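Biologist: I would like to go through this structure with you. Could you take my questions one at a time?

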Amino acid sequence: MDRTGFAVVGAQNFAAEYISRVRSLRDEGLRLTGVVVADGKGEAERARELRSEGFRIYDSYEELLRTGHDHVDVIGLPVSIPAHADLSIAGMTHGYDILLEKPPAPTIDELDAIRRTADRTGNFCSIGFQHLHAPSIRRLKRTILDGSLGELESIACKGCWPRADAYYERNPWAGQLLHEGDVVLDGPVNNAFAHFLQNMLFLAGDGVHETASLTEITAERYRANPAIRAADIACVHATTERDVEIGLYVTHASAERHDPSIQITGTDGTAEWHYDGTATVRTADGNRFEFDDEGVDLGKEVFRTAARYEQGLRDELYCTPDNTREFVVAVDGSFESSGSVVSLPDDAVHTETTDGGAVNHVADGIVDLLSDAFAERALPSEIGVPWAESRSPVDLIEYSRFTPFA
């Protein structure tokens, strides 16, 4: 069996999950052949554990790039958002394939630089949008392409994932728009709910692996948590070249968790997809059918797909800089549209402390507000929310440069 050697940059937090996934797929031809542990003090114990198990430890990314060719084929990059472009470009330039965590890059300028590097070097960059590897999403895409729903009219998603103060304290860039001069654009659209924006763009795309191109976007962003600079409430409206309306209504400023769901409307039917991977399709002629993710572990499938492609056992990757470009366009355009994040008035926010001591900043009535916006496919300013402020649309045709801070 051909084996693909994976190196992972980092050993803690989400990097630990990367390491676990690679090790769990050993019988399928994946090998963990190196780990970069740059923070000697913070990760020293973990480095000792991995070294005692026979894994090579690199003191820096530069050392890996310089010396890893004999045993590393793919480098996994579960790194900070601002580091995505620089590290993936450096890896491909040195002859390695890359598995890059989502979002691929905070700005379209950086994403296009990644694409150019992949084209120039011939090395691949697979993006970790795990739901694009999901059987349910891919079957739903085939259902749309075969015309079962008629012409697409709209795709919308809503979701509420509470995030306590500790979420924003886990690293220095969390909850920030800029960090040490680098663009981050953290927030629900570009981080936790990024999967679902990408899912909608993918489902609206014309081809099996394609995402839809956008013509216009309008967004409103609000902040309930006074300690962050990013938003914790975001509503986005976009229009594709084929006049499909895309809507995203998401928040971290809720007390209750409501997992994301996507609703698709066509001229001849509707479909719903849920975070647990279940989907229901209803056609105008009365047919109804359901399907799910068939027990596939999506996190592992991201690694399995990259390895099989590297080994020549697959013809295409599911998720690449090319078919995530429009996601970055949507994120950047939405930030240009929304402008400064609007802080909610004090009388519209309260704090709640969970039994475990976690402190949440909750926007009053936010679950119902987002449900109403989702139902009407409207932004908060369009449904009479007193603290909402309307924003202007941004033209996304031939969008190639992000300039909100100019």
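Biologist: Is Phe202 buried or exposed?

Modeller: Phe202 is buried, with a relative accessible area of 0%; buried means under 20% relative accessible area, exposed over 50%, and partly exposed in between, with a 1.4 Å probe and protein chains only. The model is predicted, so local features need pLDDT of at least 70, side-chain atom pairs count only at pLDDT 80 or more, and totals for chains, interfaces and linings use all residues. Residues are numbered from 1 along each chain as its sequence is written, and side-chain values use heavy atoms, with hydrogens and water left out.

Biologist: Which element holds Phe202?

Modeller: Phe202 lies in helix α8, residues 194-203. Helices (H or I, at least four residues) and strands (E, at least two) are DSSP runs, numbered from the N terminus.

Biologist: What separates the C-alpha atoms of Phe202 and Tyr167?

Modeller: Their separation is 28 Å, and the two residues are 35 apart along the chain.

Biologist: Turning to β10, how many of its residues are buried?

Modeller: Eight of the 10 residues in strand β10 (residues 214-223) are buried, which leaves the strand mostly covered.

Biologist: Which strands does β10 pair with?

Modeller: Two strands count as paired if DSSP finds at least two bridges between them. β10 runs antiparallel to β11 (residues 233-240), with eight bridges, and antiparallel to β20 (residues 394-395), with two bridges. With β17 (residues 342-343), β10 pairs in the parallel sense over two bridges.

Biologist: What is the strand order in the open sheet of six strands?

Modeller: The order is β3-β2-β1-β4-β5-β6, with parallel pairing. Its edge strands are β3 (57-58) and β6 (125-127), each of which pairs on one side only.

Biologist: How many bridges link β1 and β2 there?

Modeller: Six bridges link β1 to β2 (residues 30-36) in the parallel sense, and Phe6 stands opposite Leu32 in β2.

Biologist: Now the surface. Which residues gather in the patch of negative charge?

Modeller: The patch consists of Glu216, Asp243, Glu245, Asp395 and Glu398. Patches are made of residues with over 30% relative accessible area and no salt bridge, and like charges are joined within 9 Å. A salt bridge is a side-chain nitrogen of Lys or Arg within 4 Å of a carboxyl oxygen of Asp or Glu.

Biologist: Where is Glu245, and what is its relative accessible area?

Modeller: Glu245 is found in strand β12 (residues 245-251), and Glu245 counts as partly exposed because its relative accessible area is 38%.

Biologist: Moving to the backbone, which residues does the cis peptide bond join?

Modeller: The bond joins Lys102 and Pro103, with omega about -15°. Pro103 sits in the loop between β5 (97-100) and α5 (108-121).

Biologist: What is phi for Asn13 and for Glu180?

Modeller: Phi of Asn13 is near 55° and phi of Glu180 is near 50°; each is a positive value in a residue other than glycine.

Biologist: Where do they lie, and are they buried or exposed?

Modeller: Asn13 is in the loop between β1 (4-9) and α1 (14-24) and is exposed, at 69% relative accessibility. Glu180 is in the loop between β8 (178-179) and β9 (182-183) and is exposed, at 72% relative accessibility.

How values were computed: Patch = residues over 30% accessible without salt bridge, like charges linked within 9 Å, V, L, I, M, F, W, Y side chains within 5 Å. Areas by Shrake-Rupley, 256 points an atom, 1.4 Å probe, with all protein chains shown as cover. Lys, Arg positive; Asp, Glu negative; His and termini not counted. Charge placed at Lys NZ, Arg CZ, Asp CG, Glu CD.
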